[in-house]
Amino acid sequence: MTSSTSVLRTSDATQESSLQTQVNLAVDCLINSLPDPASLTALQRRGIIARYSAVLEGNFIYWMTGAYLSAKSETARMIIMENLHEEVRDCHPGMLRKFTLAANALPRESDTMAVHQQLANVRLFIGRLSPVPLVLMMAFFEGFIQKFMPFLAELAAAQGSLEQEYTDVHGVCDVVHTQELFRALEAEISLNPPEPGAHLFEGVELLCGLLQSIVPGVRFPEWA
Ligand SMILES: [Fe+2]
């Protein structure tokens, strides 16, 4: 390795670590601003589960597929493929449907419309297939989902549901998924370093906006 390559790689690693720190802060900011489940009415609890389901069931695999299509490095593609493989093999959308049905929170037209515009914004962003911002968004999303699971499980339990497979599985497997996606991000940054000043958090911001339409009142930091 030449000294200039070494400097470049050190700088990539520093950037990746800084992105990871910002993502962790954003996840913590969202999670810390979740409402106290005990303060919510049954209607509000049902609405959060229904809107979460309306967004996740039909979109998670689609978005992860977008990340796969955008990735250029072999490492990132292998990591994302493994993630997709698990989603499909273990039928995670079916798991979520079972969870939602058991909580009597199947999305209605009003739930679909409540997330419609923010969801459309995220879909358009995904369609641009920008590798670093897209893989960063999915790393953020995995980190968020993992920490969101106890809250979601509590809402369902308060609705009288005993079905917790979805929340149990994602509270565990998404820890590894998050770490692996940061490794994928590092590979993409090394292969194709973003321009200085590039707005890498665009997807994360759009996703935060979508999460606000699922759980009104949650907060997230603003990035320059
Ligand atoms: Fe999943």
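1. Helices are DSSP runs of H or I with at least four residues, strands are E runs of at least two, and both are numbered from the N terminus. On that basis L200 is found in the loop between α7 and α8. L200 is buried, with 22 other C-beta atoms within 10 Å (buried denotes 20 or more such atoms within 10 Å of the residue's own, exposed 12 or fewer, and partly exposed in between, with C-beta atoms placed from the backbone).

2. The model is predicted: local features need pLDDT of at least 70, side-chain atom pairs count only at pLDDT 80 or more, and totals for chains, interfaces and linings use all residues. Residues are numbered from 1 along each chain as its sequence is written.

3. Leaving aside neighbours within four places in sequence, L200 is in contact with L19, V132, P133, L136 and P194 (a contact requires C-beta atoms, placed from the backbone, to lie within 7 Å). L200 and L25 are 175 residues apart in sequence and 15 Å apart in space, C-alpha to C-alpha.

4. Turning to the overall fold, the secondary structure of the protein chain comes to 8 helices and 0 strands. The radius of gyration of the protein chain is 18 Å, which agrees with the value near 17 Å that a compact globule of 224 residues would have (the radius is taken over C-alpha atoms, and the globule rule is 2.2 Å times the number of residues to the power 0.38). The C-alpha trace spans about 60 × 35 × 30 Å along its principal axes. Buried residues account for 41% of the 224 residues. Of the contacts between residues at least 6 apart in sequence, 88% join residues at least 24 apart.

5. The largest nonpolar core has 65 residues, and those with the most contacts inside it are V135, L136, M138, F140, L185 and L207 (such a core is a set of buried Ala, Val, Leu, Ile, Met, Phe, Trp, Tyr and Cys residues joined through C-beta atoms within 7 Å). Two or more residues come from each of α1 (3-32), α2 (42-70), α3 (74-89), α4 (92-102), α5 (109-127), α6 (131-158), α7 (165-191) and α8 (202-214). The element that gives the most to this core is α6, with 16 residues.

6. How are α6 and α7 packed? Their angle is about 165 degrees and their axes are 8 Å apart (axes are lines fitted to C-alpha atoms, for helices over the stretch in contact, and angles run from 0 to 180 degrees between N-to-C directions). That makes α6 roughly antiparallel to α7 (angles over 145 degrees count as roughly antiparallel, under 35 as roughly parallel, 65 to 115 as roughly perpendicular and the rest as oblique). The crossing is left-handed (the near helix is turned anticlockwise from the far one by less than a right angle; clockwise would be right-handed).

7. α6 also packs with α8, at an angle of about 40 degrees with the axes 7 Å apart. That makes α6 oblique to α8, and the crossing of α6 and α8 is right-handed. Here P133, L134, L136, M137, F140 and F141 in α6 meet E202, G203, V204 and L207 in α8.

8. C91, in the loop between α3 and α4, has a positive phi of about 50 degrees although it is not a glycine; C91 is exposed, with 11 other C-beta atoms within 10 Å. L129, in the loop between α5 and α6, is likewise not a glycine and has a positive phi near 50 degrees. L129 is partly exposed, with 14 other C-beta atoms within 10 Å.

Note on methods
Two residues are in contact if their C-beta atoms, placed from the backbone, lie within 7 Å.
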